Amino acid sequence: MHGVPGRSLLKGDTDTVQRPRVVILGAGFAGLNAALALRKADVDVTIIDRRNYHLFQPLLYQVATAGLSPAQIATPIRRVLGRQKNTTILMDRVVDVDLGSKEVLTSSHRIPFDYLVVATGARHAYFGHDEWEGVAPGLKKIDEATEIRRRVLLAFERAEVADDPEERRRLLTFAVIGGGPTGVEMAGAIAELAKKSIAMDFRRIDPAQSRVLLIEAGHRILRSFPEDLSQAAERQLMKLGVEVVKGDTVVECSERGVKLKSGTQIETSTIVWAAGVVASAAAKWLKAKADSAGRVVVGSDLRLPEHNDVFVIGDTASVHDAAGRLVPGVAPAAKQMGRHAAKTILAAINGDEASPFTYRDFGSLATIGRKAAVVDFGRFHLTGFLAWLVWSLAHIWFLIGFRNRLVVFMEWAWAYVTYDRGARIITGEDA
Ligand SMILES: Cc1cc2nc3c(=O)[nH]c(=O)nc-3n(C[C@H](O)[C@H](O)[C@H](O)COP(=O)(O)OP(=O)(O)OC[C@H]3O[C@@H](n4cnc5c(N)ncnc54)[C@H](O)[C@@H]3O)c2cc1C
């Protein structure tokens with residue numbers, strides 16, 4: 001796409017646009033589902049994303065720990081929406097929204113809308129310590145996952161050539177900060193990589209002697225899960241050899257390692273940040289009220305207050321649904337909001353009343369290593385292998401694309417039998 005900054009981008013630039021124009025920002029779970037729900041509608045949809053692919057974030061940790069390759073958890077947006085006749089896909093970065101003129105500003109164009117759906121997700125929060133990002137990358141993008149994979153695998157390679165036992169110990173220590181689902185999954189997968197997958201592959205070091213620490217400021221891991229499942233997850237992590245540190249806050253991340261409030265210094269070369277997220281810049285673009293995590297506060301109809309034609313959904317939105325519950329920042333909620341926003345737009349076009357959004361909670365899942373998980377189905381809790389089966393089936397089912405499902409299923413079946421992690425590739429700079 002070529003264009004002059006500030007120039008308006010209309011269909012064909014000269015066409016008269018007759019159908020309502022729906023512009024969707026972000027092709028994550030929320031934006032993609034909004035676009036899909038409009039596929040038969042008599043509207044012109046434009047979906048804008050800075051990337052050309054939709055990313056299945058729940059499996060990012062598998063890329064970061066060499067279990068899967070990036071292409072297995074990402075699908076080109078054009079593969080999903082390319083044949084949807086009423087939809088134009090633009091790969092561009094949104095930089096602002098002009099609510100007065102009803103235009104989206106990207107790095108190269110101004111794109112007019114009749115209805116706007118903002119679904120630009122969230123990014124890491126370092127709680128005022130953005131300088132930690134360099135030494136403690138988070139897990140939100142493919143590039144971050146491959147960077148973490150590089151650091152983890154490189155630590156073993158460097159330990160193999162290191163002569164100083166202190167340095168070896170430092171290299172074979174891995175600290176994961178944040179005991180939510182991502183931290184738990186990362187810590188379990190690193191432990192399994194070290195203690196099983198590559199345990200026999202080195203001569204001068206014993207990877208099984210690695211230390212993997214999961215650091216959580218609160219008094220239990222998986223705080224969004226019921227207490228019995230937190231405890232089960234902790235037991236399962238300990239079985240894998242993960243040291244769970246609770247009730248201690250990280251006060252410094254540096255090249256040397258992690259310093260805790262209690263004074264404990266953890267010497268490590270590999271730190272993974274899984275401790276918090278903050279919403280995208282949408283609140284700034286919309287000059288809207290945001291909650292403490294930067295999420296735009298919208299009504300239970302997902303509309304921006306006083307702007308009936310602007311919807312904010314997914315991780316970017318702070319929503320209390322029709323039942324008064326705060327909608328969590330998870331993929332099923334984002335998908336449901338996407339579909340609901342589309343339905344509400346169609347109702348508005350047809351002059352109909354739309355009902356408020358109601359979140360349907362189908363349960364929460366987190367996996368710990370290759371064959372354990374915890375599953376919260378409300379009154380019904382599962383742990384161990386059965387939970388892992390449920391987790392695996394759910395993730396394969398929700399992956400986009402038949403090819404990805406098949407390949408991931410085969411990778412997991414292989415890994416289950418052999419412990420092998422096929423994507424043990426160190427990319428980026430050479431040693
Ligand atoms: C590591 C990890 C593990 C997770 N595990 C789970 C899990 O197991 N289960 C679960 O339910 N949820 C999980 N989540 C949460 C889940 O992924 C999110 O709730 C969900 O992705 C939110 O969807 P979304 O569409 O709001 O945002 P996203 O999926 O983040 O999509 C936002 C889109 O907006 C685009 N974008 C952002 N800014 C711009 C811009 N300025 N211009 C153009 N495009 C832009 C991005 O490129 C992206 O495609 C996990 C999240 C992470 C990071």
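A crossing of two helices is called right-handed if the near helix is turned clockwise from the far one by less than a right angle. The legends below refer to a predicted model.

**Figure 1. Packing of helix 4 against helix 6 in the predicted model.** The crossing of helix 4 and helix 6 is right-handed. Helix 4 spans residues 142–161 and helix 6 spans residues 181–197. Their axes are 12 Å apart and form an angle of about 35°. On the side of helix 4, the contact is made by Ile148, Val152, Leu153 and Phe156; helix 6 meets them with Met186, Ile190, Leu193 and Ala194. The residues of this contact comprise eight nonpolar, no polar and no charged.

**Figure 2. Crossing of helix 1 and helix 9.** Helix 1 covers residues 29–37, and helix 9 covers residues 331–349. The two axes come within 7 Å and cross at roughly 35°. The handedness of the crossing between helix 1 and helix 9 is right-handed. Helix 1 contributes Phe29, Ala30, Asn33, Ala34 and Ala37 to the contact, while helix 9 contributes Ala331, Ala334, Lys335, Gly338, Arg339 and Ala342. By class, the residues of the contact of helix 1 with helix 9 are seven nonpolar, two polar and two charged.

**Figure 3. The shell of residues around the ligand.** The ligand is surrounded by 28 residues. Ala30, Asp49, Val94, Asp315 and Ala331 are the closest of these. In terms of residue class, the shell holds 12 nonpolar, nine polar and seven charged residues. At least two residues of the shell come from helix 1, and at least two from helix 9. Helix 9 gives the most to the shell, supplying three residues.

Terms used: Residues are numbered from 1 along each chain as its sequence is written. This is a predicted model: local features need pLDDT of at least 70, side-chain atom pairs count only at pLDDT 80 or more; totals for chains, interfaces and linings use all residues. Side-chain values use heavy atoms; hydrogens and water are left out. Axes are lines fitted to C-alpha atoms, for helices over the stretch in contact, and angles run from 0 to 180 degrees between N-to-C directions. Helices (H or I, at least four residues) and strands (E, at least two) are DSSP runs, numbered from the N terminus. Contact means heavy atoms within 4.5 Å. Ala, Val, Leu, Ile, Met, Phe, Trp, Tyr, Cys and Pro count as nonpolar, Asp, Glu, Lys and Arg as charged, and the others, Gly among them, as polar. A residue is near a molecule or strand if one of its heavy atoms lies within 4 Å of it.
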